[in-house]
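Please look through the sequence and the model shown here, and then follow the report below, which goes from one local feature to the next.

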Amino acid sequence: MLIQNRVKGKLFRHGRARGQGLVEFSMVLPILVMVLFAIIEFGFTFFQIQTLNTALRAGVRRGAVGANDTSVTTVVSTMCVPHVNITTTPNTVSLTVTNLAGTSLTPVNNQRPTGGKIRLTASYKLQFLTFLSGVAGNITVRPYAEMIIE
């Protein structure tokens with residue numbers, strides 16, 4: 001009988017503590033979900049910025065070897081289209097071509113004078129996947145790429 005009472009006592013204590021794990025899990029779950037979504041959101045934001053940087057670098061390279069301004073901005077838009085919507089209204093791509101003295105250079109017969117700088121700047125409003133769009137608000141990034149004309 002003594003053994004049965006001990007066993008019953010253990011079962012009884014275990015039965016009262018059975019819901020404790022569920023309560024703790026329900027308290028921790030929202031925090032874990034928020035951390036998970038924040039990690040996903042950071043990855044997507046980093047991907048958007050890197051896609052835009054890569055496109056700007058390709059466009060600047062195209063302009064540095066002599067392409068006209070329209071061709072340069074077309075390269076950037078084409079590289080961004082599958083992943084980053086650069087063509088919508090708040091998002092812009094601007095091209096600035098200057099020589100070392102700071103004056104503007106325009107291509108003549110698809111050739112730019114060597115020694116100048118070409119700079120491509122974009123303004124992009126980040127798009128969020130999850131609830132962070134309400135928390136973070138409107139965040140605009142302005143990456144740029146710059147290269148010397150060859």
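Arg-119 lies over the face of Tyr-144, at 3.8 Å from the ring centre; a charge counts as sitting over a ring if NZ of Lys or CZ of Arg is within 6 Å of the ring centre and within 35 degrees of the ring normal. This is a predicted model, in which local features need pLDDT of at least 70 and side-chain atom pairs count only at pLDDT 80 or more, while totals for chains, interfaces and linings use all residues. Residues are numbered from 1 along each chain as its sequence is written, and side-chain values use heavy atoms, with hydrogens and water left out.

Strand S2 (residues 117-125) runs antiparallel to strand S4 (residues 144-148), to which five bridges join it, and S2 also pairs in the antiparallel sense with strand S3 (residues 140-141) over two bridges. Strands (E, at least two residues) and helices (H or I, at least four) are DSSP runs, numbered from the N terminus, and two strands pair if DSSP finds at least two bridges between them. Lys-117 stands opposite Ile-148 in S4, whereas Tyr-124 has Val-141 in S3 as its bridge partner.

A search of the whole structure finds one aromatic pair. Phe-42 and Phe-46 form this pair, which is stacked, with 6.3 Å centre to centre and 20° between the planes; rings of Phe, Tyr and Trp (its six-membered ring) pair if their centres lie within 6.5 Å, and planes under 30 degrees apart count as stacked, over 60 as edge-to-face and the rest as tilted. Because they are four residues apart in helix H1 (residues 2-64), Phe-42 and Phe-46 are separated by about one helical turn. Buried means under 20% relative accessible area, exposed over 50%, and partly exposed in between (1.4 Å probe, protein chains only).

| Residue | Class | Relative accessible area |
|---|---|---|
| Phe-42 | exposed | 60% |
| Phe-46 | partly exposed | 48% |
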